[in-house]
Amino acid sequence: MKLYNSKLYHRDLSWLRFNHRVLQEVTDKRNPLYERIKFLAIFSSNLDEFFRVRVSDIRQIKSIDKKLRKKLITKPNKVLKEIKEQVHTQQEEFGKIFKNEIIPDLKKEGIHLIDYHEFSVTQEAIANTYFENTLKPLLNLDTTYHTQPDSIFVENEASYLTTLTGDTLQLVKIPESEPRFFSFPSENGKHYITFIDDILKYGLGKSHKDDDVRYYALKISRDAELYIEDEFSGDLMKKIKASLPKRDKGQPTRVLIDKRMPEGFQNVLKEALDIFNADLVLGGRHHNFKDFFSFPNPTEKDLNFKEFTPVPHPVLSQSKSIFDTIDQKDQLLHYPYQEFEPVINLVETAAEDPSVTTIKMTLYRLAESSRLNTAIAKAAKNGKEVIVFIEVKARFDEQNNIKWGTIFEKNGATVIYSYPDIKVHSKILYIERQVDGKTKRYAYISTGNFNEKTAKLYTDFALMTAHKKITKDLKKVFMVLQRVTIVPKTKHLLVSPFTTRITLENLVNQEIENAREGKEAYIILKMNSLQDESMINLLYKANNAGVEIKLIVRGICSLVPGIKNQSEHIRVISILDRFLEHGRVYIFGNGGEEKMYIGSADWMTRNLSHRIEVLVPILDKDIHKTLRQLIDIQWSDNVKARIIDAEQKNAYVENSKEKVRAQYATYDYFKNSGS
């Protein structure tokens, strides 16, 4: 493993180490077999996006003027080379795990994933019928000569088969309208499944007189960036809408091929597709393993995780009036362990309550169909002032976000779309009611999106509060989003890019001062990603002052722990389990008066300096205690936690203490305590 220097681990290489942790879940037999298969799909899907977005970004750096590029810390050619080496290593490991672990374990369950060489006579007949009647009519079997590269276009992320006969290169797109897997009739309690790729290879091979004709897998990932981030004029939403079709026609960032493809064939392919050797990534006989999300289970066995039924919120689920309940006391939610229903109930109640006059919220990733979205539209239709800020630059969710924005507008809501120069990533809701001639304000501030689907998959925290100073601050944030004011002069909320960085710096510096004065000094941070160089250097400074620092980082970690006189007092773990860790919690010792924040901002430069983010202080003592206990549970994980060391080897946390699997322990915490 190569470090670019001893102080910073490159963010993209660190992300690849995160994806390695996903791959570890495939080998972990504590996970049910079909969950391990899902992790295969997640690994593959993650890597697709990585090439479409991050590798694309690095290649754009290469196009910068050479004199300017020399001044950059990032050396794109060096980074791309290291990425390719790591990806190759992971692809090799992926293939071995699939062949030596997943395939045999499927067989143990009576499930045989076979290729066309293994078809029985009966299966050959069935495959031939399916090929002739169903697949063949869907194929475009025109031959394409490699001397005419302009006539070839390989669609983004689609699976292809390709063969070379003489000087003719043939490309066959695997139909996306058909399921990727085909199940043969079971025989004697044994179940047989094949990729439709293999049925295509079998059927196409029969059409050639030459028995040596072989079809190889091919897939291209294309540049997914829209290159509108720096535009400061015009209607951005319209630009994004117009740019979406271009995403599938971007420049290749990865050409994934069957590693068995002969070198001569590879050269023909490079010429035909106008690509370079650096674009080629060697893979297996099948690509697009993200299709394993829908891998069929022909048995009656339960081969998935035992379902966690979300626990009803102990207070909000019993509440006759959600507004009265929030008036009395702040409420913490932690889904998916608890139900997301109170969030939906809050918006649905606001839509119907005659006393509610105003609803304002930010939406980043909207569900395709949603009670919450429907309630927003209904509130507008009922004549309430509804102001919705929709971030249409939420990558790969742009189309759906635009669709719902149009629906909200048709129902009378004011919809504000993305700012060209900044992304709104906060997850906030503000409500006003008129009660007895007085205005009452309510706030919902979360680490996760207003999305019922992801609330079942991502672990997130949310706070509902009627605290006068916090709700007053949140009103100021929306005044900025509405462009009424330029800077939100908040006193309690931390708002990026205005006050988050400076406040976090002050909190770290206070711990440094406390440590130097001999007081107890500690910092506990839970986040998705840690990348900002300035904040990392400040943590190094705190380390050298003697501050105890514990970090729980799910994904990218550019901080290098365990280096003498730099980070020997910094411990970092990463938890990867059945749910995606998504919450952000920041705790500072503060001389015995512990301070705690939750919110949407990671410690990445983009979150601190280039996005609208909101962090809220936890002022309620009961909620503070609960969150502290939950973070302690996470830090105690010795089943699914990995140690992030200087080389990011991803060794599991091991000790002689009682086994703690944090996500399961957290579910039990809510189930048993009702708190």
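## Close-up views of a predicted model

**View 1. Two arginines sit over aromatic rings.** Arginine 30 lies over the face of tyrosine 652, with 5.8 Å to the ring centre.

View 2. The protein chain has 18 helices and 27 strands. Of its 675 residues, 58% are buried. Looking at contacts with a separation of 6 or more, 74% are between residues 24 or more positions apart. The chain exposes about 29700 Å², and carbon and sulfur atoms supply 48% of that area.

**View 3. Phenylalanine 98 meets phenylalanine 289.** Searching the whole structure gives 32 aromatic pairs. In the pair shown here, the ring centres of phenylalanine 98 and phenylalanine 289 are 5.0 Å apart and the planes are at 85°, so the arrangement is edge-to-face. The two partners come from distant parts of the chain, 191 residues apart: phenylalanine 98 belongs to helix α4 (residues 76-108), while phenylalanine 289 is in the loop between β9 (280-283) and α9 (322-328). Is phenylalanine 98 buried or exposed? With a relative accessibility of 12%, phenylalanine 98 counts as buried. Phenylalanine 289 is buried too, at 7% relative accessible area.

**View 4. Helix α6 is largely enclosed.** Nine of the eleven residues of helix α6 (residues 196-206) are buried, so the rest of the structure largely encloses this helix.

View 5. At the start of α15, the backbone nitrogen of serine 534 has a side-chain oxygen of aspartate 532 within 3.2 Å. Helix α15 (residues 533-545) has 13 residues and should span 18 Å at 1.5 Å a residue; the end C-alpha atoms are 18 Å apart, which agrees. The buried residues of α15 are Met535, Ile536, Leu538, Leu539, Tyr540, Ala542, Asn543 and Ala545. Among the elements that cover them are α14, β19 (522-527), β20 (548-553), β21 (570-575) and α16 (605-609). Just after the helix, glycine 546 adopts a positive phi of about 100°.

View 6. Arginine 501 is part of helix α14. Its side chain makes a polar contact of 2.9 Å with the side chain of aspartate 532. Leaving out residues up to four places away in sequence, arginine 501 touches Asp532, Ser534, Met535, Thr605, Leu608 and Ser609. Isoleucine 502 is also placed in α14 (residues 500-516). With a relative accessibility of 43%, isoleucine 502 counts as partly exposed. Here is a distance to look for: the C-alpha atoms of isoleucine 502 and leucine 608 are separated by 9.4 Å, although the two residues are 106 residues apart along the chain.

Note on methods: Residues are numbered from 1 along each chain as its sequence is written. This is a predicted model: local features need pLDDT of at least 70, side-chain atom pairs count only at pLDDT 80 or more; totals for chains, interfaces and linings use all residues. Side-chain values use heavy atoms; hydrogens and water are left out. Helices (H or I, at least four residues) and strands (E, at least two) are DSSP runs, numbered from the N terminus. Buried means under 20% relative accessible area, exposed over 50%, partly exposed in between (1.4 Å probe, protein chains only). The expected span of a helix is 1.5 Å times one less than its number of residues. Contact means heavy atoms within 4.5 Å. A polar contact is a pair of N or O atoms within 3.5 Å; within protein, one must be able to donate a hydrogen and the other to accept it, and residues adjacent in sequence count only if both atoms are side-chain atoms. Rings of Phe, Tyr and Trp (its six-membered ring) pair if their centres lie within 6.5 Å; planes under 30 degrees apart count as stacked, over 60 as edge-to-face and the rest as tilted. A charge sits over a ring if NZ of Lys or CZ of Arg is within 6 Å of the ring centre and within 35 degrees of the ring normal. Accessible areas come from the Shrake-Rupley method with a 1.4 Å probe; for residues, only the protein chains shown count as cover.
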